[in-house]
Amino acid sequence: LGGHDHQQTAIEVNGRFVLKADADARTAVVARFSPGQTGYVFSHEFRHLDQSVEADRELAASAADWHRQFNATYCGNRGRAHDCLDQSVGQTRVDLVAEEEAIRKYETNLGNYLAELALAAFSDQGAQIALLNSGSLRLNQDVASGSTLTERHLVELFPYSTELKLFTLTGRELQRAIEHAIEDWTGNGWWLQVAGMAYVHNPDRERASGLVLLEEAGPRAVEPEEEIRVVTSEYLLNPRFGQDGYTMFNPATIIDRPGTPPQLANLFRDALAAAGSDGIAPRVEGRICNTRQPDQPCLVPKQLVQTAAEAN
C-alpha cells in the first residue's frame, strides 16, 4: 500500500497486489482481508473523496489550523496582509491545464505559456528554445476559464526556486534530452514543456523524432552537431540534485547574464498583471505531436512527420 503517487495504481505481481491511491487525496484505496476456507480472501476498491464523503471534523480542524499558520507565516514574512494568498494576481480567459496527469504527459497550454515566458526572458542573448521539467509545475489542478488567479495559485504552482539559466547543447544532445523526456511515459516529472521547438512523440514505440527549431522563417530540422542556446531551470543544470536525469545538460556551458537571474514565478506574475482584466489565453499549438492524437495541431512539417512515421 502506498500514496503520494500521481495516479491510482492496482497491479498484481506474482500473486501480490501493489495498490496506490491518487495524489492530493482525490481517492482512497480500501483493502479487505476476509477469512476464507484456506487462509484469507483479498479484495480492494478505490473510493472517490468528493463532496459526497463527509469530512472528518478533527482532521478538518487540524488542516484549517495549518492553513492559518501558513498564511500568517507566508504573508507576515513579506510584510503583507494576513489574507495576501487570496489576493488576485490576474485572470484567465481559457481553461488552464495544469493537472499532473496532463502536464506530465502532453503539451498543455499553461506549459506552453510558461516556456514562452522563459524563452522571451533570454531573447536578448539569442535563446532559441526553452525546456521546463513539468515536475517543477506543482499546481496539480486545472483552472477554469474566467477564473481569478490568486497568490495561492502561484505559491502552489511554484513551491520551489524557479531561477532560469541559459546554456548551450548540441542537436545530438537535444535529441537525447527529448528521448529522456518521453522515457517511461506514465506522468513523470521529467516530462518537458517546450518553446521554440517541436517534435513527434510516438508513445507506442517510445520514440521521439522529427525535431525542429521554430524559427522566424519557419520550422527547421535540428542538425546533430549544431550548437543551440537553451533556457531551463537552474535545477536541471545542478548535478548536486541529479538534474532529473538530464545529465546531458552541462553546467560548464552556462552563459553568464548580468544582474539577478530571472525567476519564472516573477515572469508569470508580471505577465498576468500586463494582461489586466482581459486575462491570459494560452493555447496548445502542436509543439509535441502525439501520434495517438492525429487530429491535434502539429508544427512539425508534414514531410518530417512522414519521415518520422517511417523511422518509427
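## Surface patch

Val18 sits in strand β3, which spans residues 16-22. Strands here are DSSP runs (E, at least two residues), numbered from the N terminus. This is a predicted model: local features need pLDDT of at least 70, side-chain atom pairs count only at pLDDT 80 or more, and totals for chains, interfaces and linings use all residues. Residues are numbered from 1 along each chain as its sequence is written, and side-chain values use heavy atoms, leaving out hydrogens and water.

Val18 has a relative accessible area of 36%, so Val18 is partly exposed. Buried means under 20% relative accessible area, exposed over 50%, and partly exposed in between (1.4 Å probe, protein chains only). Together with Ile11 and Val13, Val18 forms a nonpolar surface patch of about 220 Å² accessible area. Patch residues have over 30% relative accessible area and no salt bridge, with nonpolar side chains joined within 5 Å and like charges within 9 Å. A salt bridge puts a side-chain nitrogen of Lys or Arg within 4 Å of a carboxyl oxygen of Asp or Glu.

## Disulfides

The whole structure holds 2 disulfides. The cut-off is a pair of cysteine sulfur atoms within 2.5 Å. Counting bonded cysteines along the chain, the pattern is 1-2, 3-4.

Cys75 pairs with Cys84, sulfur atoms 2.0 Å apart. The S-S torsion is about -90°, so this disulfide is left-handed. Both Cys75 and Cys84 are buried.

## The Cys289 and Cys298 pair

Cys289 pairs with Cys298, sulfur atoms 2.1 Å apart. Here the S-S torsion is about 95°, so the disulfide is right-handed. Cys289 is buried, at 8% relative accessibility. Cys298 is partly exposed, at 34%.

Notes. Areas by Shrake-Rupley, 256 points an atom, 1.4 Å probe, with all protein chains shown as cover. Helix = DSSP H or I, 4+ residues; strand = E, 2+ residues; numbered from the N terminus.
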